[in-house]
Amino acid sequence: MKAPTRGDADGSGLVSHGPWAILGKLLIAAGFVVVAMPLLWVLLGSFKTGAQLNDPTVLTFTPTLENWNTVVSSGILTAAGRSVIVGVITVTLSVLVGSMGAYSISRYKTGGSATRFGILAAQVLPPAVLVFPFLALAYDFQLNDTLAAVIAAHLSFVLPVVCWFLIGFFDAVPIALEEQAMIDGLGRFAAFRKVVIPQVAPGVGAAAIFGFVLSWNDLFYALILAPGNSATLPVRIAGFNTFRGVELGAMCAAILVSVVPVLTATFFVQRRLVRGISGGAVKF
Amino acid sequence: MASVALRNVVKRFGKTEVVQNLDLNLNDGEITVLVGPSGCGKTTTLRMIAGLEAVTDGTITIGDIDVTTREPKDRDVAMVFQNYALYPHLSVLENITFPLLARGGQKPQAQRQAKEVAEILGITGLLGRKPGALSGGQQQRVAIGRAIVRNPRVFLFDEPLSNLDAKLRVDMRTEILRLQRQFGTTALYVTHDQEEAMTLSDTMVVMREGKIVQQGKPSELYSRPVDTFVAGFIGSPQMNLLHGTVVDGLFTSEAGFTTPLKNAPTGSLTLGIRPEDVVVGAEGSHQQAKIEIVELLGPRAILSLELPSGRMTAVVDAVDMLGLTEGQVVPVSVRKENLHLFSAESGQRIPTE
């Protein structure tokens, strides 16, 4: 019942000396370069002209806003807005349904031990298998090239992940807490909402952001289900690969529009994200 | 306030019958303590009264209302769990007002009541804190505060003291007793600690394997245990139980310990001797025992005695301990008026009058 003491978590015990420590630092530096260099290249690329981009020997250049003008006037922000709408609706539905599903799996062993991981079974299928039925259905309901079709497709992979992610958090909530709430005068659902959900709130937050990123980054479903007027951000970014060749500069700028919000969000939830993936080892 | 009655209550998990045909009355305003070894069904019984566990068969009434199928929230009981089950995301004040607000109480009124309760429990200074920032004893007080604030018809305690250290346990035991007397609320208290059960209970109920073995006042259970199980379970140190035979009014244990037994039927039986009924250093006794270990408890001492016929435990006043040391050989006898006789086959008490 004790609150975790921050000190032992990020561990003074990890501080070590000697050659291993130096090797470790070198590895981290190498990893950083691998991750950061492409991003840096994209950042610089968004301020270069086409000619400069295609000449790797250019080291210094005068930054230009030409790419950014192209990108903004191409309606990328509207596309980003659509991505936000898709992401928010997908995540809201996923959290509402997924949290109840996760609770049920955690408390009542719904579907036996198979559901715990079986819920992720759809992730094993390549999206190409699922996209055709989605497209056919979208035509049937006359929802092709609408955000609704994209949201439906995104639910198919965001909802199971959110649900799976939350099971461990619910496992960590003592049953006595709900029982106490029921004796204190709440019904089962009210006890879930007022007592259990607050305990898993950090997990729900992390799951929501994780789910949002999944939806935000999806190109495949969005490209096939809504390629036209309802194109989301990744679809528009891919659009810079035109029949006249890749518009590298504009694409760089568009990629930044796509990457920065995700990076920022992930930065704020990284600790909980790790906790959720490692099985929701929440302490009370 | 109300009495509680369980009639022919049965609880089955699959094929195992955890509680068998239980008949139990909790008298209005009294503390009833359910005690027994783990797995005897005592916690299940408590949970059935709370409504957390469905009853397989039988009825439970609180006051004159049949609550057998009611939801926990509609039974008007309060419960203190072993791990306190405080709401970690709420402050102490919010924890105590929770049951009031959950039942549609008004906030100002609820907070006023919570503060009164906090005053009684001496936790006024903690009202703003979260449960995580409290010690075990403080958490316990908050849990009790949350139970009494609503003035329920029945208190249910599920081993509430087992997570506390020894000294705090004794303090809280007194505290619970004091509060229960003050409020006069019917209470059911579950524990596996027979000492806790003895000190707290108006009525003590010993359970074993889903059945009630004996119930009554603690003094009754102590002085007249119905069988060898209760005899061995209640009292610390344990009662000495010797198996042997009676011939012509003389009991001889299997290992050779003898004592005259009047009124005892001839044949084999089990003789129960409370450690305090073993007289150490008695003049004129032909039984000799070696004092193996002395455990001094302050006013009294527990002696582990080694007889040629086996081991025995004795409790003596520290005053009588003068001159007794480990390793010494002393004469030993028993107080004949307080002996307990049990059937050798069934373990049932044999009436001696």
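Reader: In this predicted model, what makes H8(A) and H9(A) a helix pair, and how do their axes sit?

Author: The axes of H8(A), residues 127–140, and H9(A) come within 10 Å and cross at roughly 145°. As for the hand, that crossing is right-handed.

Reader: Which residues make the contact between H8(A) and H9(A)?

Author: On the H8(A) side, Leu130(A), Phe134(A) and Ala138(A). H9(A) brings Ala149(A), Ala152(A), Ala153(A) and Ser156(A). To be in contact, two residues need C-beta atoms within 7 Å.

Reader: And what kinds of residues are they, nonpolar, polar or charged?

Author: Six nonpolar, one polar and no charged.

Reader: Why is the set around Val150(A) and Leu188(B) called a nonpolar core?

Author: A core is made of buried residues of types such as Val, Leu and Ala, joined through C-beta atoms within 7 Å, so Val150(A) and Leu188(B) are members of such a set. This one is the largest, with 156 residues, and Val150(A), Leu166(A), Leu225(A), Ala254(A), Leu156(B) and Leu188(B) touch the most other members. Helix H9(A), residues 147–171, gives the most to this core: 17 residues. From chain B, domain 1 (4–232) and domain 2 (237–343) each supply at least three residues.

Reader: What is Leu188(B) in contact with, leaving aside neighbours within four places in sequence?

Author: Its partners are Leu26(B), Thr32(B), Leu34(B), Leu46(B), Ile49(B), Val154(B) and Leu156(B).

Note on methods. Residues numbered from 1 in each chain as written. Chains lettered and ligands numbered in written order. Predicted model: local features only at pLDDT ≥ 70, side-chain atom pairs only at ≥ 80, totals over all residues. Buried ≥ 20, exposed ≤ 12 C-beta atoms within 10 Å, placed from the backbone. Helix = DSSP H or I, 4+ residues; strand = E, 2+ residues; numbered from the N terminus. Domains from an automatic or database assignment. Axes fitted to C-alpha atoms, helices over the stretch in contact; angles between N-to-C directions. Left-handed = near helix turned anticlockwise from the far one by under 90°. Nonpolar A, V, L, I, M, F, W, Y, C, P; charged D, E, K, R; others polar.
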